[in-house]
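Where do the nonpolar side chains gather, and how do the helices pack? Walk through the structure below step by step.

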Amino acid sequence: MLKAAKNVFKADQQECPVVPLEPRRGAGNEIAVVACGHFIAPQEKFLKLEGVERVILGYTGGGKEIPTFVKIHNHTEALLIEFNPNTISYSQILLAWRECVDPWEKEKTQYRAAIFWKTLSQQNEALVFIDNLRAEQPTKVFHVEVERARRFFRAQQTYAVLPLDPKNEGNEVAVLACGNVNGLLNMFEEIGGVDRVVTGLTGGKQENPKDGKPLDHTFALLVEFTPALTSYRQVLELWHECEEEVETTQQTRSAIFWKTLPQQDLALEFVEELQAEKPSSKVSVDIERVHKFYEVEVYPNNAATIVSPIQGSKASSPKNSPVVRPGQQKPRLSANRKPCLSEVTTPVWKTNRK
């Protein structure tokens with residue numbers, strides 16, 4: 001039996017997890033790493049840029065010592081930025097970075113200005129950019145360093161509120177909780193018509209959850225999908241397939257968070273059908289309006305303990321196979337495309353719900 005989430009998870013004592021310097025939101029995306037002093041305000045600035053899909057607060061540029069959530073050693077506060085180069089260029093990322101720093105002001109190591117390049121192309125662009133910047137005031141001492149990006153450690157943070165609007169015109173957003181966030185993430189990432197899947201927290205009344213302290217919120221997914229390829233009803237069917245029989249807590253409950261009145265109607269109808277399948281048992285699914293969604297990054301391949309559906313547990317790997325119920329075939333993926341939900345075998349309703 002899984003331990004209840006009442007066990008206190010002491011995140012402050014944990015080493016900061018390493019974040020892979022690879023894109024997660026799109027195969028053609030790129031990664032930029034920059035340091036511009038205190039990283040919280042710049043994070044909000046970069047998130048507002050069209051084409052920027054992910055911004056992570058963290059530490060980099062130090063020695064071999066691994067920072068913890070209370071001691072960062074000789075590392076520098078930095079931002080890991082995932083962006084779509086078809087929408088925003090690396091040079092535009094550098095221009096936004098320039099607006100956040102004063103290159104002629106000397107800061108201590110934690111708050112220094114720096115550009116950490118990941119590719120030779122980025123290195124060349126950064127060096128040219130810095131040379132032009134230095135030429136603006138050639139008599140002043142310049143305090144910006146250009147270095148190769150190495151290990152990036154995610155900082156403990158109060159999670160950022162993610163807008164509930166779709167990024168692509170014509171898309172819709174669904175917010176779902178099932179007690180198995182990682183399993184549901186795996187399944188949705190295998191399906192065509194789903195353009196974006198984000199892990200996070202929602203459903204609570206308390207403000208500002210942070211690492212190891214989800215407060216009264218529930219672990220959930222925000223799913224952006226194209227309704228012409230995948231309907232909201234089909235999204236709910238896949239959500240139901242991933243529910244797990246775990247000890248229910250506020251953090252691991254099953255819930256559908258509706259964004260529009262049509263979504264509310266479909267959710268109520270869907271749960272009524274589930275209840276009709278087994279009228280002698282109560283279907284434990286909450287249906288609530290979504291208000292705020294706090295993005296939570298998941299790094300299951302990292303050795304450090306991270307926030308997951310049960311506090312203090314290890315998150316499962318995204319490489320694990322999606323959950324497949326008896327009588328259901330696993331979606332077969334071609335090399336060039338992903339199937340939409342309508343092409344996947346009709347799910348088999350669970351019969352062992354309590």
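What follows covers the nonpolar cores, a helix pair and an aromatic pair.

This is a predicted model. Start with the largest nonpolar core, which holds 33 residues. Six of them touch the most other members: Phe 46, Leu 79, Ile 81, Ile 93, Trp 97 and Ile 130. Strands S1 (30-36), S2 (52-60), S3 (76-83) and S4 (113-117) each supply at least two residues, and so do helices H2 (90-98) and H3 (120-134). H2 gives the most, with five residues. In general, nonpolar side chains in soluble globular proteins tend to be buried together.

Now look at Trp 97. Leaving aside residues up to four places away in sequence, Trp 97 touches Val 34, Ala 35, Cys 36, Phe 46, Ala 113, Ala 114, Ile 115, Phe 129, Ile 130, Leu 133 and Val 144. Another core lies apart from the largest one. That core has 25 residues, among them Val 194, Tyr 232, Cys 242 and Ile 256.

Helix H5 (residues 232-241) packs against helix H6 (residues 261-277) at an angle of about 45°, with axes 10 Å apart. H5 is therefore oblique to H6. The crossing is right-handed. On the H5 side, the contacts come from Tyr 232, Arg 233, Leu 236, Glu 237, Trp 239 and His 240. They meet Gln 263, Leu 266, Ala 267, Glu 269, Phe 270, Glu 273 and Leu 274 in H6.

Finish with the aromatic rings. The count comes to four aromatic pairs. One of them joins Phe 225 and Tyr 232, 6.5 Å centre to centre. Their planes are 25° apart, and the pair is stacked. Phe 225 is buried, at 0% relative accessible area. Tyr 232 is buried too, at 5% relative accessibility.

Note on methods: Residues numbered from 1 in each chain as written. Predicted model: local features only at pLDDT ≥ 70, side-chain atom pairs only at ≥ 80, totals over all residues. Heavy atoms only, no water. Phe/Tyr/Trp six-rings, centres within 6.5 Å; stacked < 30°, edge-to-face > 60°. Buried < 20%, exposed > 50% of the residue type's maximum accessible area, 1.4 Å probe, protein only. Core = buried A, V, L, I, M, F, W, Y, C linked by side-chain atoms within 4.5 Å. Helix = DSSP H or I, 4+ residues; strand = E, 2+ residues; numbered from the N terminus. Contact = heavy atoms within 4.5 Å. Axes fitted to C-alpha atoms, helices over the stretch in contact; angles between N-to-C directions. Parallel < 35°, antiparallel > 145°, perpendicular 65-115°, else oblique. Left-handed = near helix turned anticlockwise from the far one by under 90°.
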